[in-house]
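Hi,

Here is the structure I promised to send over. Have a look at it first, and then read on for what turned up.

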Amino acid sequence: GFAPYFISLGLFVGSLLLTNVYPYVQPVGRPTNLWSWFTSKSSIIVVVGAFQMIFTYVLLKFGLGLEVQHECWLILTIAISSFAFLAIVQAFTVVLGDVGRFLALLFLVVQLAGSAGTFPLELLPMPLQIVHQYLPMSYSVHAFRAAISTNDSAVLTQSLATLGVIGIVSVLISFAFFALRYKRRYSKVQQEA
């Protein structure tokens, strides 16, 4: 019963932990162009997301022996949730730096209470019921519930589509701020050289 909530929590916490060991913005040297800088930073995040997805699935399936209604939907849900959460944390960190890391942590706390992972939505306080629909973890919890136990394809596809859109928008926000920083820091230097 708690698996959808704790899987979502684990994926978001894994995304937050990456900010402690990996500099989301700082390049190793002067980037040659915007695209190479963005892809070099984002490719590590993609690799971590793939590792997180594989580790989570192997732990659930073989470590805990979790019985699911639909294996493929579970794998897809883990992948899209991992991507969306990593992209959200990347956007917070790229846009706001260390303050963004802190705000991402606060965002997690709000999601813990408002995602209806432990109690039905109707039992949550009214302010949390209002923000529930705006929290990415709400959609991952719904998708994991559908993949693990209910096999409700309508809820699953709607939740995964919403998470995918959130992830893509977060990546676009990150790219826009990379472009802004590149223009301010490096394009003038290259024009002078």
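**Salt bridges and a nonpolar patch**

Arginine 101 and aspartate 98 are joined through their side chains by a salt bridge, at 3.3 Å from N to O. Just so you know, this is a predicted model. Both partners sit in helix H4, 3 residues apart, or about one turn of the helix. Aspartate 98 counts as exposed because its relative accessibility is 61%, over the 50% cut-off. Arginine 101, on the other hand, is at 27% and so counts as partly exposed.

How many salt bridges does the structure hold? There are 2. In the other pair, lysine 61 bridges to glutamate 71, with 2.9 Å between the closest N and O atoms. This pair links distant parts of the chain: lysine 61 belongs to helix H2 (residues 34-63) and glutamate 71 to helix H3, with the two 10 residues apart. Lysine 61 is partly exposed, with a relative accessible area of 28%, and glutamate 71 is also partly exposed, at 25%.

Then there's the surface. Leu96, Val99, Phe102, Leu103, Leu105 and Leu106 make up a nonpolar patch there, with about 520 Å² of accessible area together. Which helix gives the most to it? That would be helix H4 (residues 98-114), with 5 residues. Leucine 96 is found in helix H3 (residues 71-96).

Cheers

Terms used: Residues are numbered from 1 along each chain as its sequence is written. This is a predicted model: local features need pLDDT of at least 70, side-chain atom pairs count only at pLDDT 80 or more; totals for chains, interfaces and linings use all residues. Side-chain values use heavy atoms; hydrogens and water are left out. Patches are made of residues with over 30% relative accessible area and no salt bridge: like charges are joined within 9 Å, nonpolar side chains (Val, Leu, Ile, Met, Phe, Trp, Tyr) within 5 Å. Accessible areas come from the Shrake-Rupley method with a 1.4 Å probe; for residues, only the protein chains shown count as cover. A salt bridge is a side-chain nitrogen of Lys or Arg within 4 Å of a carboxyl oxygen of Asp or Glu. Helices (H or I, at least four residues) and strands (E, at least two) are DSSP runs, numbered from the N terminus. Buried means under 20% relative accessible area, exposed over 50%, partly exposed in between (1.4 Å probe, protein chains only).
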